Amino acid sequence: MATVNVSVFNQFRADLGNKIHDLDTDVIKLALVTSAVVPSVGAALPHFGGTGTVNYATNECTPGGNYTAGGVTLGSVDFVMSGATVPWRAAKVLIAVNASNPTDARYAIIYNSSAATKRCIAFIDLLSVRNLAVDPLEIRFDSVDGVGAIIDIA
């Protein structure tokens with residue numbers, strides 16, 4: 001299993017200050033996009049099907065099998081102070097093999113599905129195009145097999 005980093009969109013930092021995200025109660029999703037787009041931390045107003053400048057939903061992998069349109073809802077999401085940091089945590093994501101799964105997943109976009117603007121929070125470079133019809137996709141946040149930190153707010 002490869003280790004990859006979660007890259008946070010710069011806009012997310014401003015969005016926190018503007019109360020766009022409630023990291024405890026909003027529905028947070030992880031969606032898969034193709035290599036037709038390369039996410040950038042500096043993307044202007046990144047969103048996933050809502051309103052903004054960069055719309056990553058236009059390059060979403062075709063839903064099918066164990067992957068539904070709009071992506072996977074993150075489970076066990078919490079945002080609680082732990083010492084000098086505040087980790088934002090979620091359960092691992094597992095998309096099991098299915099012959100109808102996407103065959104062209106390149107990046108995973110984490111976004112706020114509750115916000116009307118569907119603002120993006122972060123992205124994960126999957127390092128190569130992934131064929132989920134033959135290989136499962138498992139993302140363990142902070143390398144934890146369970147609930148791990150997506151990001152730490154220090």
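Glycine 146 touches Ala90, Ala91 and Lys92, leaving aside residues up to four places away in sequence; contact here means heavy atoms within 4.5 Å. The model is predicted, so local features need pLDDT of at least 70 and side-chain atom pairs count only at pLDDT 80 or more, while totals for chains, interfaces and linings use all residues. Residues are numbered from 1 along each chain as its sequence is written, and side-chain values use heavy atoms, with hydrogens and water left out.

- Glycine 146 is found in the loop between β11 (137-139) and β12; strands are DSSP runs of E with at least two residues, helices are runs of H or I with at least four, and both are numbered from the N terminus.
- At 24% relative accessibility, glycine 146 counts as partly exposed, a class that lies between buried (under 20% relative accessible area) and exposed (over 50%), using a 1.4 Å probe and protein chains only.
- Glycine 146 and leucine 74 are 72 residues apart in sequence and 12 Å apart in space, C-alpha to C-alpha.

**The open sheet**

- Three strands form an open sheet in the order β6-β7-β12, with antiparallel pairing; two strands pair if DSSP finds at least two bridges between them.
- β6 (78-79) and β12 (147-153) stand at the edges with a single partner strand each, so one side of each has no neighbour in the sheet.
- Strand β7 (residues 86-91) pairs with β12 in the antiparallel sense over six bridges, and the bridge partner of alanine 91 in β12 is valine 147.

**Strand β9 and its partners**

- Eight of the eight residues of β9 are buried.
- β9 pairs with β2 in the antiparallel sense over six bridges; valine 33 has tyrosine 107 as its bridge partner in β9.
- Six bridges also join β9 to β10, and these strands run antiparallel; alanine 108 stands opposite isoleucine 124 in β10.
- Arginine 106 lies over the face of tyrosine 107, at 4.6 Å from the ring centre; a charge sits over a ring if NZ of Lys or CZ of Arg is within 6 Å of the ring centre and within 35 degrees of the ring normal.

**Lysine 29**

- Lysine 29 is found in strand β2 (residues 28-33), and its contacts beyond four places in sequence include Gly70, Leu74, Ile109 and Tyr111.
- Lysine 29 is buried yet has no salt bridge, and the nearest side chain of opposite charge, glutamate 60, is 8.3 Å away.
- A salt bridge is a side-chain nitrogen of Lys or Arg within 4 Å of a carboxyl oxygen of Asp or Glu; Lys and Arg count as positive and Asp and Glu as negative, with His and the chain ends not counted.

**Aromatic pairs**

- The structure holds four aromatic pairs; rings of Phe, Tyr and Trp (its six-membered ring) pair if their centres lie within 6.5 Å, and planes under 30 degrees apart count as stacked, over 60 as edge-to-face and the rest as tilted.
- The rings of phenylalanine 9 and phenylalanine 123 have centres 5.3 Å apart and planes at 50 degrees, so this pair is tilted.
- That pair links distant parts of the chain, 114 residues apart: phenylalanine 9 in the loop between β1 (6-8) and α1 (10-17), and phenylalanine 123 in strand β10 (residues 120-130).
- Phenylalanine 9 counts as buried at 0% relative accessibility, as does phenylalanine 123 at 7%.
- The rings of phenylalanine 48 and tyrosine 111 have centres 4.5 Å apart and planes at 20 degrees, so this pair is stacked.
- Phe9, Tyr56 and Phe123 form one aromatic cluster.
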